[in-house]
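Welcome! Here is a short tour of a fold, taken one part at a time.

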Amino acid sequence: NFGPDLGTVQSWMPENILINILDPNHSISHGYDLWSVVLNDGTPMQGIIVSETSNAIILNGEGGARTTIARSDIRSLKSLNVSAMPNDFEKRISKQQMADLISFIRKGD
């Protein structure tokens, strides 16, 4: 999963769904904040930490790509305190598509 289960969202008011779509950083579900990782060789990565141990983390990146990273390979690791959801989604779809999306979410299909 790259985002939280939206099953409970169907009972939300349409305005609240729209607010969270337009401003995904308004309310970030626990465990779904975006992390920045820089490897020892300087390679930058971003994603959601889906699992971690004292030896490694598993980072779920865009498109669902999971990467296991040894902690010994990490130069820096920090939460970006932002949602992984794009913050310009309204620019990518029309008003009608947004209305259809909200309707679809509220139906719970």
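## Strands in a row

Strands S2 and S3 make a hairpin, with three residues between them. This is a predicted model, where local features need pLDDT of at least 70 and side-chain atom pairs count only at pLDDT 80 or more, while totals for chains, interfaces and linings use all residues. Residues are numbered from 1 along each chain as its sequence is written, and side-chain values use heavy atoms, leaving out hydrogens and water.

S2 covers residues 44–52, and its pairing with S3 is antiparallel over four bridges (strands pair if DSSP finds at least two bridges between them; strands are DSSP runs of E with at least two residues, and helices are runs of H or I with at least four, numbered from the N terminus). Within this pair, Ser51 stands opposite Ile58 in S3.

On to the next strand: S3 also pairs with S4 (residues 66–70), again in the antiparallel sense, over five bridges. Here Leu59 sits opposite Thr67 in S4. The hairpin of S3 and S4 has five residues between the strands, and Gly63 takes a positive phi near 80 degrees there.

S3 itself, residues 56–60, is mostly covered, with four of its five residues buried (under 20% relative accessible area, using a 1.4 Å probe and protein chains only).

Helix H1 (residues 14–22) meets helix H2 (residues 95–107) in contacts (heavy atoms within 4.5 Å) that join Pro14, Ile17, Leu18, Ile21 and Leu22 of H1 to Met98, Leu101, Ile102, Ile105 and Arg106 of H2. By class, this contact has nine nonpolar, no polar and one charged residues.

Notes
Axes fitted to C-alpha atoms, helices over the stretch in contact; angles between N-to-C directions. Nonpolar A, V, L, I, M, F, W, Y, C, P; charged D, E, K, R; others polar. Buried < 20%, exposed > 50% of the residue type's maximum accessible area, 1.4 Å probe, protein only.
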